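Reader: Please show me the model, and then take me through how to read its surfaces and contacts.

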There are 2 protein chains.
Amino acid sequence: MAAAKQQQRAERILDAAAELVLRWGYKRVSIEEVARHAGIGKGTVYLHFSTRAALFMCVLMRESLGLVDGLVAAMRADPAAILPAEQARVTYLAVMGRPLLRAMFTGDVEVLGELAGDSAGQPLRKLKIDLADELFELLRDRGLMRTDLDAETQRYVLNAVQAGFYLYPPAAAPSVSPQMAAAALAHVVRHAVQPPGPPDTGTLAALAPQVIAMYERFRRSMAIAVTGDAPVRLPS
Amino acid sequence: MAAAKQQQRAERILDAAAELVLRWGYKRVSIEEVARHAGIGKGTVYLHFSTRAALFMCVLMRESLGLVDGLVAAMRADPAAILPAEQARVTYLAVMGRPLLRAMFTGDVEVLGELAGDSAGQPLRKLKIDLADELFELLRDRGLMRTDLDAETQRYVLNAVQAGFYLYPPAAAPSVSPQMAAAALAHVVRHAVQPPGPPDTGTLAALAPQVIAMYERFRRSMAIAVTGDAPVRLPS
DNA sequence: GTTTGACCAATTGCGAAATCTGGTCACTCC
DNA sequence: GGAGTGACCAGATTTCGCAATTGGTCAAAC
């Protein structure tokens, strides 16, 4: 069978799995149900994904790749998007607009089940740390990030702050729209890790391509890290 | 029986309940076990606390009162402790040093069980909001807090940021000590909601008594809000 | 060569029986 | 005579064994 055709079928399976996991939650969705929704036999699913967990990990991975693509697009459109505050804002809005990403970022056990704390995401976390280290070194060197905190603490600060905005129950602040929340998050990140005053436009424009390249390398590593054990690869 | 003697026995019951809930978790601790550990009969517990939930709410309340006392002490010792960044730091360290407070702030379901999301804490939350509103108005008026965000957004920001530092799994940043984490939190809060530059010492000293008074009023309302339905009051 | 669904071991779900526990109150003891 | 107690009860929770489901395989169908 043509590779393109197979690719298309894999996408259909992922579509079905994504829809079902959102509607019923990970633990209540069986492989057979996914197959039925994709209009294929159960065995065929295993021609694409080695295991149930691998299938759903791929669903999450596809979402994550979409997020990275969104960030890259934002940086292409405006070099200022390489700044931590803008990254945080764009990420927040993208996550809030995609239920599966939101479930991932909030560690929603109802939706993700045991997939939430899965150790399969561990190598991916390592990649994220490496990306952050590389990115921070560049931004700090060029005066786009503060140096009054060491890089590791800065990474901790950004992780903790973002965790807060994702996890703080929106029910406790009903009048805050996603846009306002994203703006508030950007405000905090900007003042916490960026120098006062507007960034230098020239520096931004000069750095953007490098940062985009980092993200694209990150994107490739990501895809490999998760599809490594699956019979069929995700679209690269 | 002398009121003082009763008071003392109530404390013993609370001690026993606190120890047991930490060791086994809320749902696994029975009233009878608490009574046994306190060296009294089961019925006697009900002379002090109208219900099981009320007993454990009082345990949590006593911890919370201790936290408020710590804040007040810090403000008495140094007027700069009225600043949001210092409040956040002192609170963080106090919470991390007391297992029960940590369980409360992290919403630890293992320890607190259904007490975690209990609606009994609802009126208390309202009190906290009122305190924050009052405090922010004062600090903003006197130039100790920024006014580039409206007060409600500032409250949201502080809640979200603090939630992040409490909830972000320390396992993900093992090399960060509580002191460093507290310093990082203070850094974020200072830059997010306080004006640049050092605060005016005279203003701090002038405001401290007012802020302390607010906290003491808050402390009294707190105690009333929770012990309202219990046969015996907590120490005031 | 590709796709499938019957098949199997293992896990999960379920319902009823057994146990436990929050809360009460008649009784004891000082 | 009132403070303290533990036996008692209804309702909640846990246990346990059986039944149904499902992840994953593979021989057969196409």
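Reader: How many nonpolar, polar and charged residues does the surface near DNA strand C have?

Author: First, the conventions: this is a predicted model, in which local features need pLDDT of at least 70 and side-chain atom pairs count only at pLDDT 80 or more, while totals for chains, interfaces and linings use all residues. Residues are numbered from 1 along each chain as its sequence is written, and chains are lettered from A and ligands numbered from 1 in the order in which they are written. A residue is near a strand if its C-beta atom, placed from the backbone, lies within 6 Å of it. Ala, Val, Leu, Ile, Met, Phe, Trp, Tyr, Cys and Pro count as nonpolar, Asp, Glu, Lys and Arg as charged, and the others, Gly among them, as polar. Here the surface near DNA strand C has five nonpolar, six polar and four charged residues.

Reader: Which element supplies the largest share of that surface near DNA strand C?

Author: Helices are DSSP runs of H or I, at least four residues, numbered from the N terminus. The largest share, four residues, comes from α3(A).

Reader: Is S64(B) buried, exposed or partly exposed?

Author: A residue is buried if 20 or more other C-beta atoms lie within 10 Å of its own, exposed if 12 or fewer, and partly exposed in between, with C-beta atoms placed from the backbone. S64(B) is partly exposed because 19 other C-beta atoms lie within 10 Å. This residue, S64(B), sits in helix α4 (residues 52–77) of chain B.

Reader: How many residues does the contact take from chain B and from chain A?

Author: Two residues are in contact if their C-beta atoms, placed from the backbone, lie within 7 Å. The contact takes 23 residues from chain B and 23 residues from chain A. On the chain B side, α9(B) gives the most, with 11 residues.

How values were computed:
Helices (H or I, at least four residues) and strands (E, at least two) are DSSP runs, numbered from the N terminus.
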